[in-house]
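Subject: The structure, and what turned up in it

Hi there,

Here is the structure I promised to pass on.

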Amino acid sequence: MMTQKHDRFRKDTDLDTNGIVFNIQRFTIHDGPGMRTELFLKGCPLRCWWCSNPESQKPGIEPGLYKSKCIGLKQCGACKAVCPKDGVIQFFRNKPIRLDRGICQGCLVCGDNCPSDAIKRWGQKMSVEDCMEIIRRDKGFYEDSGGGVTVSGGEPLLQADFVRELLKKCKEENIGTCLESTLSVSWTEVEKVLPYTDIIITDLKFMNEEKHRLFTDAGNQLIHENMRKLVGFKKEIILRIPVIPHVNDDDENMEKTADFILKDLNNSIKTLQLLSFMRLGVEKYESLGREYPMKNLRFNRPQFQRRVKKIADYFNERGINCTIGTKSKE
C-alpha cells in the first residue's frame, strides 16, 4: 500500500527535477545545530492528531481559505471572477463561508489574484536550483554558527529523489545537512539520502502498535525497523517524543521507549528531546476546512510541564541523554 501511494506521488510531481515545497524558513535554530535554512516538503503518510502543520499532509498543492482576511465579494470578488469552476468559493452575506474542494481544480488562480491573501497557496513546485538560490543567501551564517540546511515535512522522503539531489548539492557546496523524517517509508527511500545527510531527526511517538495506529493512522513497525537499521550507519541521530497529555505520557510508554533506545538502538543516539504539546495550527485546519483533532483535549499546563520534567529525569537516570525542547542543553 505504501509503495503504491509513493509511486503515484512520484509520477504526479516529477520528483527527479522538482519538489513540492510549502514553506521555507531562514534563520531557524530548532531543527539541527547552529543557524539553519529549513525547507518543508508536502506529503506525509501519517495523520498525527496533534500535527501543527496540516497543510503538509496531502502531497499536492492546495488552497487555504482565511475568511477573516477577505475584503468581501462586493468590494472585491477577484477570486470568483477568475475561478474556472462555478461555486468553488461559496459566499454568505458578502463573506466566504467555505471552499468546495470536491469541485476545486487546484489551479490556485484565485489565490494568485487575491489582494488580501485570504486564499493561500499551500505548496509550490521548486527545482533544486530554486532552493539552492535561497539556501546560498545565508551560507556565511552556516559557517559562523556550525549550521546548515534542514529538510523537513510532512515526510520529505515521499520526495526522496528530489531530497537526494538537494542534499547532494548542499554537500558539494560544503553546507551541513539535516533530515527530519517520520521514517514511515521504505528503507530504499532512506538509503537514497544517507550519503548526503549529516544528521537525522525522527520521532518515537508510541511503542504500542495499536495506539500508534489510532493516533497517527499508521503502524510503527516500519518506523522502528528503520531506526534499527540507521544505527549501523553511524549517523548523528536525534530522537524526539512529542509528549501529549493523556495520550502517550504514561509510564508504560516511556519505560518501553527507554528499553527500545537502550537495547534495540544500543543507546547510540545523540540526544532524546521531549517536545511538550502545544495547541498549534488550529487556524490552518480551519483554512483547509478540517476539524482540529485535539480540540477537546483539556489539561493543566503547569502540572503537565512537571510531568514532562519527571519523564526527562527518568530517561537521564537510565543513562539516556534527554532534554526538554530542542536545545542540546537545559
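Let me start with helix 10, where Asn253, Met254, Thr257, Ala258, Phe260 and Ile261 are the buried residues. Around the axis they cover an arc of only 160 degrees, which puts them on the same side of helix 10. Please keep in mind that this is a predicted model.

What lies over that side? The cover for the buried residues of helix 10 includes helix 9 (221–231), strand 11, strand 12 and helix 12. As for length, helix 10 has 14 residues, which should span 20 Å at 1.5 Å a residue, and its end C-alpha atoms are 19 Å apart, in agreement with that. Just after helix 10 comes Asn266, with a positive phi of about 55 degrees.

Which of its residues are buried? They are Phe304, Arg307, Val308, Ile311, Ala312 and Phe315. Looking down the axis of helix 12, you will find these buried residues within an arc of 140 degrees, so they line one face of the helix. Arg306, Lys310 and Glu317, on the other side of helix 12, are exposed.

The packing partners of the buried residues of helix 12 are strand 11 (236–243), helix 10 (251–264), strand 12 (271–276) and strand 13 (322–324). Both ends of helix 12 are worth a click as well. At its start, a side-chain oxygen of Asn300 comes to within 2.8 Å of the backbone nitrogen of Gln303. After the helix comes Gly319, with a positive phi near 90 degrees.

A few words on helix 6 (residues 160–172), too. Ala160, Asp161, Phe162, Val163, Leu166, Leu167 and Cys170 are buried in helix 6. Asn174 follows helix 6 and has a positive phi, near 60 degrees.

The largest pocket holds about 1100 Å³. Its lining is made up of 40 residues, and Ser52, Asn53, Glu180, Arg240 and Leu275 lie nearest its centre. Among the elements that give two or more residues to this lining are strand 2 (36–41), strand 6 (119–122) and strand 10 (199–203), along with strand 11 and strand 12. Strand 1 provides the largest share of the lining, four residues.

There are also four cavities of 30 Å³ or more. The largest cavity has a volume of about 110 Å³. It is lined by 17 residues, and those closest to its centre are Cys70, Cys76, Cys79, Cys114 and Ala118. Helix 2 (78–82) and strand 4 (89–92) each contribute at least two residues to the lining of the largest cavity.

Is Gly34 buried, exposed or partly exposed? With a relative accessible area of 27%, Gly34 is partly exposed. Leaving out residues up to four places away in sequence, Gly34 touches Thr28, Ile29, Ser145, Gly146 and Gly147. Gly34 and Tyr142 are 108 residues apart in sequence, yet their C-alpha atoms are 6.8 Å apart in space.

Happy browsing, and best wishes

How values were computed: Residues numbered from 1 in each chain as written. Predicted model: local features only at pLDDT ≥ 70, side-chain atom pairs only at ≥ 80, totals over all residues. Heavy atoms only, no water. Buried < 20%, exposed > 50% of the residue type's maximum accessible area, 1.4 Å probe, protein only. Arc of directions from axis to C-beta. Contact = heavy atoms within 4.5 Å. Polar contact = N/O pair within 3.5 Å; in protein donor to acceptor, adjacent residues only side chain to side chain. 1 Å grid on protein atoms, 1.4 Å probe; cavity = no way out; pocket = protein on both sides within 12 Å on 5 of 7 lines; lining within 4 Å. Points joined across faces, edges and corners; volume = space filled by probe spheres on them. Expected span 1.5 Å × (residues − 1).
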